Every structure is written in C-alpha cells, then in structure tokens.
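Here are a few exercises to work through with the model open beside you. Try each task before reading its solution.

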Amino acid sequence: MSIYTSTEPSISSFNSPNYNPQLVENVNSVLVIGSGGLSIGQAGEFDYSGSQAIKALKESNIKTILINPNIATNQTSHSLADRVYYLPVTPEYITYIIERERPDAILLTFGGQTGLNCGIALDQSGTLAKFGVKVLGTPISTLITSEDRERFATALKQINIPIAESVACETVEATLESAAKIGYPVIVRSAFALGGLGSGFANNEDELRQLASQSLALAPQILVEKSLKGWKEVEYEVVRDRANNCITVCNMENFDPLGVHTGDSIVFAPSQTLSDEEFHMLRSAAIKIIRHLGVIGECNVQYALQPDGLDYRVIEVNARLSRSSALASKATGYPLAYTAAKIALGYTLPELPNPITKTTVANFEPSLDYIVAKIPKWDLAKFQYVDRSIGSSMKSVGEVMAIGRNYEEAFQKALRQIDPSVIGFQGSDEFNTKEKIDEALANPTDRRVLAIGQAMIHEGYSVDTIHELSKIDKWFLYKCENIVEVYKMLFDVKSLDQLTKELLTKAKKLGFSDKQISKSIFADLKQSEFDIRRLRKSFGIVPFVKRIDTLAAEFPAMTNYLYTTYNAVKSDVEFNENGMLVLGSGVYRIGSSVEFDWCAVNTANTLRKEGKKTIMINYNPETVSTDFDEVDRLYFEELSFERVMDIYELEQSEGCIISVGGQQPQNIALSLYENGCNILGTNPMDIDKAENRHKFSTILDSINVDQPEWSELSSMEEASKFAEKVGFPVLIRPSYVLSGAAMSVVNDDQELHAKLSLASDISPDHPVVMSKFIEGAQEIDVDAVAHKGKVLVHAISEHIENAGIHSGDASLILPPQRLSNDTKLELKDIADKVAIAWNITGPFNMQIIKDGKKPLKVIECNIRASRSFPFVSKVLGVNFIEVAVKAFLGGDNVPKPVDLMMNKTYNYVATKVPQFSFTRLAGADPFLGVEMASTGEVASFGKDFLESYWTAIQSTMNFKVPLPPSGILFGGDLSKDFLGNVAKEIQDLGFHFFAPNVQTKEYLSKYIDSKIAVEILDFPKNDNKKIRALFEDNDIKCVFNLGSKRAENTDDPDYQMRRQAIDFALPLFNEPQTAQLFAQALHVKVGEKIELLKPNNTKIPSEVLSWEEFLGYKAI
C-alpha cells in the first residue's frame, strides 16, 4: 500500500489562489539517515545532498532528526537539523533513535549506500512497521529491486530494456562455472556495495578465482557478466514524482570508455559525442525504467553504448542520490536533492518553483550554453604497494568541476584544479619511452591523462594511434589536438613582440593560464606569470563573467551562480556589491576535506549576519559551499592566483579571507597580498614566517618556546653527522619530493642513505629538513582564535596515539582526560606567546608533544583553520569560525576572551576517530605513520572517555564488534608489552586466541592465564582461497597486528596479516595505544553489547543521546 494516496497532480501554486498540495499525511517529524565518515566511493556529496534535503523539510515546517557521526559536516549543525545524533549509522543504533524519537517518517536516499542498506535491513527486521515509520520517496521494494541484480534483470526484461547479461553467484566455484558459459573477459560486481567495491575484470580462470574470493568477503553475492570494455559510458539523471511526471535533468558522457568506474572517469556534461538519435533513445529508456521501477524522487541510470552502432546496455540504476547527482546539480544549477526531498513529501514537479528563474516551474529539463568537465582526484602516491591501475573499483578521493564555453577551456581549467603543479593539458617526463606511453594509454592509471599529453604534445602521436590504444573517442582527442596547436605556436615565440594580442587571445579562449603561457614561450625571455598578466591586461584581454543559465537564454535567469570565460563579449552581472571574497577548500584529498567546507560555509554565514555581501570561490561539486543559496555570489572557479585576482579586481572586493580553506588558499596568499589584495586576518608576511621552517624555528627560539632539534641539510655527509649528533630515529622532510616519499621516520644510517637517495637529490638547491624524532611522546593539538595577538578562545585536544602518527590519522579526545592543570596552563602560555610573536588575527593550530616531565615542544604551527575546527566547535559548543570572522572584521564586535579549558567543567567526553578507505586500495599497506592515510573522520559523545571511544569506533564504516566465542588473531612486534597487554585485557571474555607462529604463541603465554589456549594458524603464502578458509573455519572476527615499522616488501608476514584483515572486512588494530584502548572498551562493554543484541531487548544504551542532550543546550 503506497503512502502516496493521490496520483493526481495538484494545482500549481503559481496559478491558483486555493492551492492545496496533496502531501503524505501525518508527517511532522522525519529521521534523515546520513552517510557517516567520508570514504572512497561515499564522500562529501552526501553532506551536500543531505543538507539540501534538510533545508527542503525545514521549509515545510517538518522537524528533522539526523543520525550522522561525521562531525565535520555542515548537515550536523543545528542551523540545519533540529536534532543531531553522532552515532553509528547501523540498523542497531537507528532502531534506538526510532524508539526514543518516534519519527513519523524516514528518508533513506540521502545517506549513500550506507543509508540504503540500513533502510532495507530495518524494513526486513520489521522495525519500521513496528513503530509505524513511513518510508518517504522511493519505496523499499524498488530500492531492493535496483540493488538485487537478479530482480533488477527480471524487471528490465519485462519492459524490453537490454542489460549486461549477468549471473548471480554465491561461491567461487559457481563464479567459475558461470564465466565459462558467458566467455572471458568478464567483469565481477558485488551486490549491495558502493563505488564498485569488490568489483574488477578477469581475463582468465586464475584472475577470476583470486577476484571472486576477495569480492565474496565483502558481499554475500557477486555478479559475473560479459565485459563490454571499450564501449562508451553515458549517464542520465532522472526525476519522477508521484503523479508520474518525469524529467531528465542532465546527461553526462565519460571521456574514458567503459571499464573505468564512473567515479574514476573524466566526465563531460552535457554529452558531446552522441547523435540526436542516441541521446533520445537513451533518454526514453531512462524514463521508461524509472516509471517501471516506481522511483519517487531522483535516480541515475548508467549505460554502455556501442561506439559504432545503436546497441546499448543498462549497467546499473541507483535509486538514490549519488555522486553523479551532486555533479549534475552543480553542472545545471538544478537542485536535485532539494527537489527529491520535496517530491518525497508528496509535492509534484509542476508545483515546485524553478530555482533559477523563480518564476517558472521545476518541471523542466535544463539546456546548457556551456560545457562542464569533471576530473577525479587520486592520492595513490601516499600508499605503499598500492595498485595504481584504475578500473571497475573506485579509488579517487575527490573530484573537481570546471565550467567553460568550449571543451578546451573547461578541460584545461579542470586539470589545473586537480593539482596546482599541473599547468593545464600537459605531458610528464615519467613517460619517457614509447613502451611506457603505450602501456599507460592501453591500461589506465591515475596518470593516464598526462601520458596522453606527453604523447600528443611532445612525441607526435596521432589521434588514430591514441584512439587505437585507449579507445577514447576521437572527438575528445581532436579537441586536445586544438590545444596542442596553440602550444606549438607558443613554443615558436622567441621574442616578446611575437606574443601578439591575437595569439594571447587565442590561447586564453582555449583555456591557457598566464603561468602556462609563461612556461611555454622561449625560456630566455624570463617571463613570469605576473609579466604575462601585465601584458595581457595592457592588450585589454580580461575574462568575462557569465551566469549559469540553464534555460539557454529563453527566460531571464536571475541566478548568482557564476563562472569566468574568455569566450564572450560582455559580462552578465553588474559589479557593484564589493563583496567579501571567501576562498573555499578546492578538491577533497587526503589531508583536506569536508571540515574545510564547514569552515568556509560558516565564514560566509557569519559575514552575512554581520551585514557583509559574500562571494565564494570554489570548484568542488561535492560541497555545501558551492550551493548557490549559501552566498550572495558563487564563482565556480579555480583557486589560482590568476583567477582569484581577476575576480577580486572585477568585483572590487572589500577584502579576501584565505585562512578557512585549508592549505590551498594559503599557498597563494603572499602573491595576492603583494599584488594589492586586502587579506583579512593575519598578514601573509607573518603567515610565511610560520610556513618557512627556518623563520618558524628562529622565532620559536626567540620567544623561548621549545622544539625538537632540527637542521636544514644539503649533503649526505651533513645528514649523517646531524643524525649522529641527535641520535636515531630522525624525521626527514625533503623539500623536493619525487614519488610521494615525503615525510618519513628513519631508524638507522643505512635507511637514511636509502631514503635520501630515493626521495630527493639532496643538494644546496634541494635541502632536506631533518629533526630529532621523539619516540613514545604524547601529541596534543591546540586550536585557537586570536585578535591582534591576543587569544580569544582555544581548545586542547589530546591524541590517543603517540606522536609519529599523522595528526589527521590520530584519534582525538576533547575535553582532554589525562593532562594535568599545569600542562594545560603551559599549553595556553605557548598559545599566547605564538599569537603575539606572529601577530595573529584569526584562526591558528599547533601540534605539540609532551615527553614525560620535559618541557613541551612545538612541532608544527598553521596560521589557518585546521581540520579539527568543526570538531572542537561542536564539542565545546562555541563556533570558532564565528569568533574568527568577528576578529577579522574587528571593531566592537570582537568577542571577549574566554578560557574554555580551565574555567569550565564538562560532564561528557567526545572522541574523534579516523575513517580509512584501505578496502578500496588494493595492495596498500594499512600501516600508520607520519604520512596521512585517512579519508575522513567520525566522532561520538559519551559520559566518559571509554564510552565515547566505544561508540566512535563503531561509527567507522562497516565496523563489526567482535563477539565471543569468535576468534582473535594476534601478530606484530614481540619486543614490547603492547600486544601482550591487549591479550591480557580480553582473556576472560571467552574469545579464541590465534597466532601466526610459535614465537607469537610463546610471547602471548607470558601475559595470559595458562588455562587459555593459543592456537597456531599456518598461513599459506599468496593463496587467498586457503587463507580465507582459515579465517572462516576459525571464525576470526578481529585482528591485532602491532607491526613496529613499515613492511620492507609484500612478503612481510605482518603486511600480509594486515592486508588480509582489510580484504576480509575485519576490524584491524595496527597501533599500540588504540589497540589497548579498544581492548579495555571490549572488556567493559562487550557483555552489555551481547544483551542489547538479543531479539527481545528493550534497553537503550546510555550513549544514545542527542548532541543537544550531551551539551545541555542547542549550540551552533
């Protein structure tokens, strides 16, 4: 029985005085399921879609209850959701919230795959029916049909829509039989998984056996289908309401042919190479599918299209908001998530206003007069032994979107957005032989686009040759050839008078940046980016500003959603607002993610409250900051010096805020300042004194603040001498980095020689900064805001892990639980001294180490908002960004200093833990060190430290608490007590203990009761099937592997144990402090957990309280 009783359209609000929408009855409160920590395949796009859904519900006066442990998100703020629970997004915890809150309805399609899977589980367990919770939007039966491959195939056959033939298999043997029938090559997909997790291609039986055993560890069922590698991949975003109105909002085409996961593909919108016939054939099929399945809301359909005919296959349908729907929303300005939430309440498309014109209706299909390019961002260089090929399983951590008036402009903009070191479409000297280029073109990796550049610009490859190897459509390659033609003209410029107005104009129209032009002309001319800028402006060549107009100028578009282009004759907007520029965070990558989006959005909100006009510059389609209703003007643009300065000059901006978007805006601050940009907050000259290691250390010495001994070295002899003087281990940071071997801890002279020859050519031009690495020290984070050198607020977060684990991978506790008042006072004293020395106005963050009774040492200071700003703001109930913005603006509004650490008692504790994505990164060693590896974070509150950690660790994705009598596997460093202490802590709980060898068994026996048996498991080398059987037969449900250092090679047994834990989706503890803490939590909590999971349980655990209940008031 549908909750949508009427399928009649109601009369539109635009043409009827007695407008009465036929909404779902008796819905006053809705539980919104968030997606949890950011991980590969499920990232910031769900903060954006969830935030939009909550806005839509609030407009309709509906109370929103949100469960999402991702404390860094915008949606987990009281300015959006009415109630927020920082709890695990699992059926168990959602049930507790339903019992407490008794919501009328639930929204499942805004929390990624996690939300969908929870919804299906809650429906099947009868929880939703028991509490009478209505499922808004697409019904559960449709969600199951779109997820269960067999039901999906049956449904599409009923309407004669072709799909890729697939067979569902539940064992490795069945998989091999099916493949033999279908014929190789085959693709394996995992049902109920996100971002292609557990999927891949197999060309023969051996490859398939390996792949199938891994995939079946992650999902109960896998699908084997014929591979259509080399076909075009096309996607449609479709919306349907309860009255059967359907529109296709956006269609997109992948630059990469089928075989590369769409999340790892370069994508263009609208599609560029489809004929009108192909476009309408796929559009009609998409509408037929969504109607037949009964989707209510938004859905995306992915197709494989024959490159030289009209044959096509449906690859998959996502009956929920997805990464592509966030991209489609930003590409068209059509707010899909907002519209889907309204439709879920029962509104129909003709009654909803068109967000762009405000005068027509939402029942329209956007038509674009621009082109959008999306390029993924990979961070694979950060991982040891990772497989760099890209295929059917997603590996990228973020994406960028660029808007241009032609393909070349959009494509070159997007390439620069991915990484500031890329100047546009370019080559790379890593592809220095024909073999390397051909290999990269035929077998895609994260570097393939640079191989195409190298082949076309420098090696003279033809379009036909590249097409043969890569199967990339020739249309795209001919467009790249247009860029190559301009490069050739620039390479011929030998004197400045040859750089004519015509040539400069042509280059700018094809997306060349000033820096790119300066690097392409004759080097002896010694022209910098700034010289080219001056020359260009002297010719009157400046960009125009265009509005996102999705009605192709048929109606006036009133949007404030803007981009710049050289392919125009006039701007669409008046420049009379003198707004304040806020620089966003750019692309999500490891180390800079949604937490900086929260900072940017809160900066804009505070500026607006203070009566300022705001202008946001950002190019990340997954963010809330690029939502056009968050600011007065949104520029979807590059965060380069050139572009920011263009916009600053055009808008005649009042000022520019560079300290809330992470490191990227910080890197251009000095250039902006030197070119006359008014930077709010700390002077960029002072910021430079913290970024430059030399100046930084000299200032610390002058204010008597201690730091580990350090030196800048320019030869191998100097490095060895310094290491001998301070003693190993030492930390090295090459200033010139190859192969991503950036920071590393070195334990002896031999390793030092190996690392320095690998990481850099150590020389006077490329010195290496080396410092003493203090083992076993505690690390502390201090986040603070100052005004003219006086600290206004500060937070002290204590790391659980010892120093040596990157602060982004560390678990943080706030308020601190193990620091004395003297230490807290000493930390405040250091913050005061640093604020004065750098004359700080605005946010700053320090990392400090505490080594026993010795004086505290500062290891790093960033004069900008840090990754932990949302966490400390939400836990302490004081918005640090709001304080920072008031400090920027100065005057009477600057808040009075308050000490949140000493003068306040808190009867709760919050713990923030990292979210890793190792499952996605085949082969990567899940070992933690000084290079950051986590892709996101989650946090939970508790009445004490153990309870908050226990809840937070369960909030990480797919974490399953091991329950006795299952097995626990131990391994790693036997020279210290850590592993033994873990075993001792949990010995009485009824688990079975396993060890990989005799040495580990003997070691463990010294710590545990003699009655407890430790069984030795003999792990075969490189035979995943047998290894898997060992894990299953012994019911191993958790792995503690405390390796003392990174693996030397992939044969290292500790590496293999860690990797297997990841590949078989088991909890892995690989760091001593968190391993011991989890063991303590297990000891205290596992008994209660067993009781709670009994079918007749009615008890709700004590950690199930909302954020407001923990704080005692509604914060932020």
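**Exercise 1. Which backbone nitrogen does a side-chain oxygen of N683 reach at the start of helix 23?**

Step 1: Go to the start of helix 23, where a side-chain oxygen of N683 comes to within 2.7 Å of the backbone nitrogen of M685. Helices (H or I, at least four residues) and strands (E, at least two) are DSSP runs, numbered from the N terminus.

Step 2: Keep in mind that this is a predicted model, where local features need pLDDT of at least 70 and side-chain atom pairs count only at pLDDT 80 or more, while totals for chains, interfaces and linings use all residues. Residues are numbered from 1 along each chain as its sequence is written, and side-chain values use heavy atoms, with hydrogens and water left out.

**Exercise 2. Find the buried residues of helix 23 (residues 684–691), and say why they lie on the same side.**

Step 1: Buried means under 20% relative accessible area, exposed over 50%, and partly exposed in between (1.4 Å probe, protein chains only). By that cut-off, P684, D686, I687 and A690 are buried.

Step 2: They sit on the same side of helix 23 because they cover an arc of only 155° around the axis (taken from the directions from the helix axis to the C-beta atoms).

Step 3: Now look at the cover: it includes helix 22 (663–674), helix 24 (693–702) and strand 31 (857–862).

**Exercise 3. Is E709 buried or partly exposed, and what does it touch?**

Step 1: Look in the loop between helix 24 and strand 23 (710–713); that's where E709 sits.

Step 2: With a relative accessibility of 44%, E709 counts as partly exposed.

Step 3: Leaving out residues up to four places away in sequence, E709 touches F722, K725, V726, M770, S771 and K772 (contact means heavy atoms within 4.5 Å).

**Exercise 4. Which residues cover the two faces of strand 18, and which strands join it?**

Step 1: Strand 18 spans residues 561–565, and five of its five residues are buried.

Step 2: Sort them by face: Y561, Y563 and T565 are on one side, L562 and T564 on the other. In a regular strand the side chains alternate between the two faces of the sheet.

Step 3: Strand 17 (residues 544–547) runs antiparallel to strand 18, joined by four bridges; V545 has T564 as its bridge partner. Two strands pair if DSSP finds at least two bridges between them.

Step 4: Strand 21 (residues 633–636) runs parallel to strand 18, with two bridges, and here L562 stands opposite Y635.

Conventions. Polar contact = N/O pair within 3.5 Å; in protein donor to acceptor, adjacent residues only side chain to side chain.
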